[in-house]
Amino acid sequence: MGVKNFEVIIVGAGISGTALAYELARYTDIKSIGIIEKYEDIATLNSCASSNSQTIHVGDIETNYTLQKAAITKRTAKMVEKYCLRHHYQNEIIFSHQKMTLGVGTKEVEFLLHRYEEFSELFPYLEVWNKEKLKELEPRVVFDEEGNERKEEIVAIGAKNQWTTVDYQKLSISFIQNAKKENVELELFLNTKVESIEKSKKRGYVVKTKNNTFYADFVVVDAGAHSLFLAHKMGFGLNLGCLPIAGSFYMTNEKILNGKVYMIQNPKLPFAALHGDPDVLAGGNTRFGPTALMLPKLERYKKGTFLDFFKTLRFDKNIAMALWKLLKERDIRGYIFKNFLFELPFFNKYFFLKDARKIVPSLKLDEFRYAKGFGGVRPQVLNKDEQRLLLGEASVYTGEGLIFNMTPSPGATSCLGNAERDLKYIVKYLGKSFDETKFKDELTDGDYCVLPEPIASQKAIVNLIRA
Ligand SMILES: Cc1cc2nc3c(=O)[nH]c(=O)nc-3n(C[C@H](O)[C@H](O)[C@H](O)COP(=O)(O)OP(=O)(O)OC[C@H]3O[C@@H](n4cnc5c(N)ncnc54)[C@H](O)[C@@H]3O)c2cc1C
């Protein structure tokens, strides 16, 4: 292939990289974009529909989100919805299900009703559903094995007629297809692994793969857990380490829930509580999960990446302290142990049943199975300076025409919002223009607000979507 020059190179063709390619192609005057992906197709890793929960995390039923975080996720989630509706992707890429958070027992019921008061201004469509209403909408959360009503008090806060579910791999493919329709030279290189990024002697960067060399004025690394791996190779983000948290699922043999059912988050736990979701790839059968297991690998179900994990963790006393702070919490220790049991062959279903029965009290062992081959890895970031785990996404803005993004959940929902943040930075850096009017018109609901500008430094962390 020889040498290739681009104005912008994006490393990684997951949902983050493809969303950025689309926005650059459609809303800026950047004329050449290269996307380099190491696997054989677009979005085969964490953005694949079998890897994640396929959810548009708006912030209305996720009780681990504060009101402030919900306002940010709502804005970016609506961008995905707007994009899909504009392209008529209903029931092909974006789907609608009823959704709710279920409170079980007096304490949780009180908590939910209080949360409803707080959040109903931001989400006016939310409704309160009592046991009687739930019998009609989601009967399996109400009745036990004998067909009697469960004894605990229950209430749900939920919504109907909202867009709730996305096949993020198909969405990624559509971003590339639509970007290619624009007046831009856009090239996608599959089966091409970026080995190194170096500063060019003249201007911009040299991106090297095994057989090729690429040049770019600006490089964005959207390579999931490998973003930090590549950043460390260049001496950036050395104050960060990556803690990969794998998530697995359990699948029912039939559709047992009509929509999404979320549980209330234990505030001491860093990861989302178990939920049940209709799987768009499995005819609406219910998928329970995700679990949360620390895994010494950067990629699930792929060979290797053990060594990459150790390199990206950069273990030292600060990482040890961050992990110690997590492990000294009794609830977190119990949670880690439980999630380990959820992966044990043969026994895992027995352990999982107890938790899943909080959602469906009548659930039986022969109704579900461990979803083999499903799930992915959330590249959680450890901040060494603060000796703590960051709960949301993180980026390193080097200020030198180079960005590294690490995107655990809800990174798929935030794809267009994150891309917007990077786009604004890129056009400013390269002296290009951005058609903001068209952008607002096509991707926002008129509730357009300006996100804080990222601060650039070798260490800087832009942790906008922070729990
Ligand atoms: C169990 C689980 C459930 C989740 N549920 C949800 C959900 O319901 N809703 C939601 O919004 N988010 C969810 N997430 C998070 C979401 O899946 C991720 O945030 C999102 O997929 C990240 O996309 P990405 O493009 O940044 O990374 P990825 O999808 O991981 O893509 C990175 C790409 O970079 C490529 N790459 C890596 N290294 C190189 C290299 N050296 N050279 C070239 N290419 C490279 C990879 O091959 C890959 O294609 C979930 C995640 C998990 C694990």
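Predicted model: local features only at pLDDT ≥ 70, side-chain atom pairs only at ≥ 80, totals over all residues.

User: Which residues come nearest to the ligand?

Analyst: Of the 40 residues around the ligand, the nearest are G12, G14, G224, G247 and G411.

User: And how many of the shell residues are nonpolar, polar or charged?

Analyst: The shell around the ligand has 21 polar residues, 14 nonpolar ones and five charged ones.

User: Switching topic: which residues touch the most other members in the largest nonpolar core?

Analyst: Those are V8, I9, A21, I33 and V219, in a core of 89 residues. Helix α1 (residues 15–27) gives the largest share of this core, with eight residues.

User: What is V219 in contact with, leaving aside its neighbours within four places in sequence?

Analyst: V219 is in contact with I9, V11, I197, Y205, V207, G401 and L402. There is also a second, separate core of 35 residues, and L126, I154, Y250 and F374 are among them.

User: Now the whole protein. How many helices and strands are there?

Analyst: The protein has 12 helices and 22 strands.

User: Why call it as compact as a globular protein of that length?

Analyst: Because its radius of gyration is 22 Å, close to the 23 Å that the globule rule gives for 467 residues.

User: What share of the residues is buried?

Analyst: Buried residues make up 49% of the 467 in the protein.

Technical notes: Residues numbered from 1 in each chain as written. Core = buried A, V, L, I, M, F, W, Y, C linked by C-beta atoms within 7 Å. Buried ≥ 20, exposed ≤ 12 C-beta atoms within 10 Å, placed from the backbone. Helix = DSSP H or I, 4+ residues; strand = E, 2+ residues; numbered from the N terminus. Contact = placed C-beta atoms within 7 Å. Rg over C-alpha atoms; globule rule 2.2 N^0.38 Å. Near = placed C-beta within 6 Å. Nonpolar A, V, L, I, M, F, W, Y, C, P; charged D, E, K, R; others polar.
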